[in-house]
Amino acid sequence: MSLNKFEVVITVIESGSLTKAGEILGLTQSAISHAIASLEREYGFSLLIRGRSGISLTSNGERLLPYMRETLRCHERMKQEVLAINGLEVGTVRIGTFTSVSTQWLPGILKRFQDQYPAIEIKLMEGYYDGIEGWIQTGEIDFGFVSLPTTEDLESIPLKKDQMYLLVTEEHPLYKEERVHVSRLAEETFIMPKTGCDNDIQRLLAQYQIEPRIKYEVGDDHAIIAMVQNGLGISILPEMILFRLPANMRMIPLEGEHYRSLGVAATSFSKQSPAAKRFLQFVTDWVNEQQA
């Protein structure tokens with residue numbers, strides 16, 4: 001059946017090898033190779049390139065991959081609809097997330113959700129803002145947590161305004177300030193999140209036309225905190241990241257309304273599977289309760 005072959009191709013690409021794909025799907029490497037060869041014979045052209053650096057898609061394979069993903073998503077939604085009609089709540093939901101959401105929100109949401117819907121499997125993919133939006137667009141995930149605004153072709157639901165704070169150590173001249181205006185950071189040595197993992201800070205600095213002396217660009221929030229703690233510079237981070245700070249550090253409010261707007265995004269919320277819609281409702285309910 002082509003659906004199974006589509007799953008094989010997608011799993012091979014995502015895992016990077018025939019062997020790993022076989023382990024994930026519970027198939028032998030021979031069965032994986034046979035499924036791919038059968039699909040290639042059916043279509044009349046190659047889908048995959050097997051080289052020294054691993055396995056990748058041919059140009060024709062790249063053109064067909066989105067359709068394979070969409071076909072499997074539609075099939076999954078239909079299966080879930082049939083089961084829902086029969087009073088059963090099952091399925092798989094694939095979600096994109098980033099560190100602060102994974103740490104602060106998802107443990108509570110997942111515990112409550114799994115207690116009520118134990119047969120629904122939740123699969124998480126953790127990345128940066130740009131990566132999560134890309135996964136949504138290519139169909140690798142059903143929906144993802146994002147910083148708003150997103151690209152125009154995605155639908156989004158706002159969840160929380162997460163206030164931005166200046167992060168300094170007790171040795172820094174600004175340590176005892178009650179509030180700090182962004183303009184005062186122009187001459188500071190800065191630890192900047194990498195492009196794509198926290199665009200909110202870049203937008204904030206651009207708003208005031210400030211180009212700080214960026215000493216390091218780091219992708220991990222905890223690494224940024226550690227660098228600031230060791231006197232390598234200062235940074236600006238959202239409140240959800242700044243929990244359990246070391247004793248020699250302080251988060252200082254910025255003058256004005258400066259925050260990142262957290263939400264969830266998808267290509268279409270109306271076309272989500274029953275299981276995904278259930279989980280989305282749990283997310284919005286849980287976040288609203290936390291802010292009440």
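Which residue stands opposite Gly 144 in β5? Gly 96 does. The views below come from a predicted model.

View 1. β5 covers residues 143-148. 6 of its 6 residues are buried, so the strand is largely enclosed by the rest of the structure. Phe 143, Phe 145 and Ser 147 point one way. Gly 144, Val 146 and Leu 148 point the other way. Strand β3 (residues 91-97) pairs with β5 in the parallel sense, over 2 bridges. Strand β11 (residues 259-266) runs antiparallel to β5, and 5 bridges join them. Gly 144 takes part in both pairings: Gly 96 stands opposite Gly 144, and Ala 265 is the bridge partner of Gly 144 in β11.

**View 2. Helix α8 and its packing.** α8 spans residues 199-207. Its buried residues are Asn 199, Asp 200, Ile 201, Leu 204 and Leu 205. Gln 209 follows α8. The phi of Gln 209 is positive, near 55°.

**View 3. Helix α9 and its buried face.** α9 runs over residues 221-229. Asp 221, Ile 224, Ile 225 and Val 228 are buried. Seen down the helix axis, these buried residues fall within an arc of 100°, so they line one face of α9. An α-helix has 3.6 residues a turn, so residues three or four places apart point the same way. The cover over the buried residues of α9 includes helix α5 (99-104). It also includes strands β6 (155-169), β7 (189-193), β8 (213-218), β9 (235-238) and β10 (249-253).

**View 4. The two ends of α9.** At the start of the helix, a side-chain oxygen of Asp 220 comes to within 3.0 Å of the backbone nitrogen of His 222. After the helix comes Gly 231, with a positive phi near 75°.

**View 5. The largest pocket.** Its volume is about 810 Å³. The lining has 28 residues. Closest to the pocket centre are Glu 7, Ile 10, Leu 72, Arg 94 and Lys 123. Helices α1 (2-15), α2 (18-25) and α4 (59-85) each supply at least two lining residues. So do strands β3 and β4 (120-126). Which element gives the most to the lining? α4 does, with 8 residues.

Note on methods:
Residues numbered from 1 in each chain as written. Predicted model: local features only at pLDDT ≥ 70, side-chain atom pairs only at ≥ 80, totals over all residues. Heavy atoms only, no water. Buried < 20%, exposed > 50% of the residue type's maximum accessible area, 1.4 Å probe, protein only. Helix = DSSP H or I, 4+ residues; strand = E, 2+ residues; numbered from the N terminus. Arc of directions from axis to C-beta. Contact = heavy atoms within 4.5 Å. Polar contact = N/O pair within 3.5 Å; in protein donor to acceptor, adjacent residues only side chain to side chain. Pairing = 2+ DSSP bridges. 1 Å grid on protein atoms, 1.4 Å probe; cavity = no way out; pocket = protein on both sides within 12 Å on 5 of 7 lines; lining within 4 Å. Points joined across faces, edges and corners; volume = space filled by probe spheres on them.
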